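Please work through the following exercises with the sequence and the 3D structure at hand, and try each task before reading its solution.

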Amino acid sequence: MAAVGEEAPTLFLRKATGLVKGWSKFDAFLYSFMSVNFVTLGLFFALSVLAFVPTGQVLPALLISGVFVTFLVVTYAGLISVMPRAGGDYVWQSRVLGGGIGFLLAVTGWWFILWYWAPIYGNILNVEVFQPLAAIFELDGVSDFLASNNGLFFVCAVTVVLAGYLVSLGMEGYAKVQKVCFYIGMIALAAIFLVMLFGSKSGFQSAFNQEAANLFGGSGNVYAQTIATGAVNNAGPIVPDLGFSPFFGDTLLLIPFLCFWILWPNWGATLYGEVRGASDFRRVMGGMMWGLWITIAVAVVFILLASKFFGWQFFNAANVNYWATVYGYGDATMPVWSYAPLLVSFYFHNTLISALIIIAFGAWFLGWAGTLFLSSTRVIFAAAFDRILPEKVADVSERKHVPVWALVLMLVPALIVSAFYAYTATFKTWILDATLVIAVTFFGSAVAATVLPWVKKRLYESSPMARYKVLGIPLITVTGFLTAAFLGFNLWHWFSNDLYAVNDPDSLYFMGGMYLLAIVIYIVARVVRKNQGIDLSAIHKEIPVE
Amino acid sequence: MVKIFFVTDLHGSEICWKKFLNAGPFYGADVVILGGDVTGKAMVPIVQRANGTWEASLQDHRDTLESEDAIVEFEKRVMNRGYYPIRVSDQEYVAMQEDEDLVDKRFKEVMLEGTERWIAMAEDKLAGSGIRVIACPANDDMFEIDDLLTGARVVETGDEEHPIQLGDFTMVSMGWTNPTPWHTFREAEEPDLAVRIERALTAATDPQTTIFNFHAPPYGSKLDNAPALNADLTYVSGGQAIRPVGSTSVYESIKRYQPMLSLHGHIHESKGAARIGKTLALNPGSSYEEGILQAAVVSIDEKKRKVKNYQLVNG
C-alpha cells in the first residue's frame with residue numbers, strides 16, 4: 001500500500017497493475033526534440049530557403065512561429081490528457097468528429113503521405129551524409145552516382161529499408177539508438193558552434209576558398225563568387241543583415257517555410273499514466289515544450305553564429321545556389337549542398353576531421369529516421385482494429401513479432417514513390433505537400449480539440465483539462481482555435497502562394513487523389529462490413545449511463 | 001447466434017459499470033461479460049476538518065466541500081474514475097498515513113462494499129431481462145470478492161475450476177496472470193500458470209465450442225504491448241519504448257488447444273485482435289478512468305460453431 005502526495009496524501013493506492021510513477025522529463029523531451037530536428041529538417045528545409053523572402057527577417061519569424069506552435073503543444077497535451085493512451089490523431093478525431101473524418105485525415109496524414117516522406121528523408125541522408133563524405137574524400141565517381149537518378153533512388157531505398165528495420169526493432173530498441181544519437185549529435189553541434197564562435201569570418205573565407213579549390217576545382221575568390229551567383233539566381237539581393245525589422249510584413253512569409261521544420265514537437269504523443277491528474281498534463285506538455293523551445297534556442301544561436309562566421313549573405317547565397325541547381329534554373333559554386341557542418345569542417349583543412357564531423361552529424365539523421373514509419377504502424381493497426389482495413393494488415397509475425405503487412409503497406413509504396421521522385425522531374429516539386437497534408441491532419445485535431453468540451457462533455461469534464469480556463473473559456477478550446485488559425489494561415493499560404501512551390505495543380509491533384517483513395521477505402525469498408533453484419537458507425541457511439 | 005459483449009479491467013469505474021449493464025440492450029447482446037479486474041486501485045480521502053467542512057483532492061485539484069450535496073457530487077466524480085471515496089476524520093487520516101494496515105483494512109472494506117453495490121445494481125437493472133451478466137475476478141482483485149460474486153443472484157462468475165456454459169459453448173476463465181512488477185493478488189510463474197491452465201482445460205471437451213476468458217493476453221500477440229518500465233516503475237524512454245508482457249503459457253495453450261475464441265484484458269493500452277492459428281484472440285483494452293467503455297462485440301454462429309463477426313467499440 002502506498003500514500004500519494006507531497007505533504008499529505010491526496011489518495012491512497014494499493015498494489016495494482018499499471019500504477020507507474022510517470023517518466024523522466026528528459027525522455028519526454030528527447031523524442032520531441034529529435035522530431036523537430038534542427039539539423040535535418042531545420043537546416044535543410046527551413047533555413048536553406050530564407051533568401052526566397054529577401055525582405056523578411058528570420059529571427060522574428062522564428063519567435064512568432066514558436067509562440068503559435070506552443071499553442072499546438074498545449075492543444076496536443078490537452079488531447080492526451082482527455083484521452084490518454086488513445087493512439088493519437090486518428091482516435092481523437094474519430095471520437096470527436098466521427099469515424100469517417102478521423103479515418104480520412106489520419107490515413108492521409110499519418111500513412112499515405114509518409115510514403116512521400118521517404119524520399120524527403122532519403123534526400124536529406126544524401127545531402128547531409130553521403131554527398132559530403134564523397135566530396136571530402138574526392139570520390140568523384142561516387143559523387144556523380146549520388147547526384148544521378150540511380151544514386152538518389154539508391155539512397156531513398158537505403159532510407160526506406162533503414163526505417164523499416166528500425167520499426168521491426170520496436171520502439172524500445174529505437175529509443176536506445178535515439179538517445180545515443182542525441183548525445184553524439186549534440187556534442188558535434190557544440191563543437192561546430194565553438195568553431196563558429198571563436199573562428200573569424202576572414203578565416204572562414206580563406207578556408208572556404210582554399211577547400212573549394214581543392215575539392216571542387218574552384219579558383220579565385222569563390223566566397224565572393226558564391227554571393228554574386230546567389231544574387232543572379234535570386235534575381236536580386238540575397239537578404240539584409242540579421243535584425244528584427246520588419247517584425248511583421250514580409251517576415252510573416254517566412255513562417256510557412258519554417259513550418260516545414262518546426263511543426264512537429266507533438267510527433268510522438270507521450271503516454272499518460274494511470275491514477276494521475278493535472279501534474280501529468282503539465283509533464284506531457286513540458287516534454288514537448290522543451291523540445292520545441294530548446295530547438296528554437298539552438299536555431300537562434302546557429303543563426304547568430306552563421307551570420308558572424310559565414311556571413312549572412314554568403315550563407316543564404318550558397319543555399320539559393322544549391323536550390324537553383326536542384327530546380328535547374330541557375331549555377332552554384334559548389335557541386336554539393338552548402339551543409340553548415342561541411343562548411344565549418346573546411347576550417348580544419350583535414351579530411352579525417354571533416355569526415356568525423358559529417359559522420360557525427362549523421363547521428364541527427366539516425367535519431368530521426370525511425371520516426372518515418374513508427375506512427376504509420378499505429379494508424380494502420382487502429383484502422384484494422386476498427387474493421388475499416390482488413391484484419392490481416394495488423395498481423396505480426398509469430399517468430400519475430402514484426403508487423404509484416406503494415407510494413408509492406410508502408411515500404412512498397414514508399415519505394416515506388418522514391419522511384420518516381422528519383423526518375424521524374426515533377427515529383428521533386430511535390431515533396432513539400434508532405435508537410436501540407438500532415439498540417440491538414442493537425443488542423444483536424446485542432447478543430448476536434450476546440451469543440452471537444454461540448455461534443456464530448458462528459459469525457460472532457462472528467463479530465464484534468466476541465467480545470468484550465470481562459471476568461472471562462474476552456475483552455476483546450478482557446479489553444480485549439482489558435483492552433484487551427486495558425487495552421488489555416490500556413491495552409492492558405494501554401495495553397496495560394498507560388499513562393500512555396502506546393503500550389504502546383506498537378507501537386508494538388510495528387511494530394512486530392514490521396515484523399516479520394518481514403519474516401520473510397522472508407523466507403524468500401526462501410527459496405528463490406530455492413531454485409532457482414534458490422535456497423536462501423538457504432539464504434540464510437542456512447543452507451544447510455546442511466 | 002450468440003452475441004457476446006465483452007469488457008475487461010473496469011477497475012471500480014462506476015460509470016463504466018453502469019454502461020456495461022446497459023450494453024446488452026444497446027448492442028443486442030445475449031450476454032455481457034466483465035473479464036476481470038473488477039475492483040479499483042485507489043482511495044480518495046475526504047477529510048473532515050475541525051470547522052466541520054470537508055476537504056479532498058481529485059486530479060491535483062483541492063476542493064473544500066461545505067454541504068452534503070457537494071460531498072455526494074464529489075464522491076460521484078471519484079467513483080466514476082474508478083477510485084473509492086472514503087470519509088475520514090482528521091485523526092483517522094493521520095493514522096492511515098502512518099499505518100499501512102489501516103489502509104489495507106479500509107481498502108478491503110471499500111472494495112467489498114463497492115462489489116456488493118455493483119451486484120445490487122445489476123440485479124435492479126437486469127433481473128428478468130434475459131440478458132446474462134458475468135463478472136470474473138482477475139489478478140488485481142482480492143480473493144474476498146470471489147464469494148460475493150459466487151453468491152450473487154443475477155451476476156454469474158467463473159474461474160479455472162468453474163467453467164460457464166453459454167448455450168452450446170463452454171467459457172473457461174483464468175484470472176491468474178504471469179508475474180507483474182506490482183506483485184498483485186493472482187500471479188504465478190509461467191510453469192505454475194501452465195499447470196493452472198491445464199487443469200482448467202479439463203472442462204473443455206471441444207475446441208470448436210470452447211471460449212477462453214484468460215485475463216493475461218498471449219505473449220507477443222500484439223495484444224500485450226505495454227510501455228517498458230524501469231526498476232523504479234518509471235517509463236523507459238518517455239513511454240515510447242513498448243514491449244510484449246503477455247503470458248507464454250497462455251500463448252502456448254491457445255496455440256495447442258485452438259479454442260474458437262480467446263478473450264483477454266490486463267494490458268489496457270493494447271486493444272486489438274490477433275489470429276493465433278484458427279483462434280481469434282481479442283483484447284478490447286480499457287479506458288476506465290475516462291469513463292469510456294472499451295469492449296468487444298462478438299457474434300457467434302452456433303450452427304457453424306465459429307465467430308461470425310466481431311467489433312471493438314468505445315461505448
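**Exercise 1.** In which loop of chain A does R387(A) lie?

Solution. R387(A) lies in the loop of chain A between α15 (371-385) and α16 (404-423), where helices are DSSP runs of H or I with at least four residues, strands are runs of E with at least two, and both are numbered from the N terminus. This is a predicted model, in which local features need pLDDT of at least 70 and side-chain atom pairs count only at pLDDT 80 or more, while totals for chains, interfaces and linings use all residues. Residues are numbered from 1 along each chain as its sequence is written, and side-chain values use heavy atoms, with hydrogens and water left out. As a next step, look at the backbone: R387(A) has a positive phi of about 70° although it is not a glycine. Finally, R387(A) counts as buried at 7% relative accessibility (buried is under 20% relative accessible area, exposed over 50%, partly exposed in between, with a 1.4 Å probe and protein chains only).

**Exercise 2.** Determine whether E138(A) is buried, partly exposed or exposed.

Solution. Begin with the location of E138(A), which is the loop between α5 (99-136) and α6 (140-147) of chain A. The relative accessibility of E138(A) is 47%, so this residue counts as partly exposed. Its phi is positive, about 55°, although E138(A) is not a glycine.

Notes:
Chains lettered and ligands numbered in written order.
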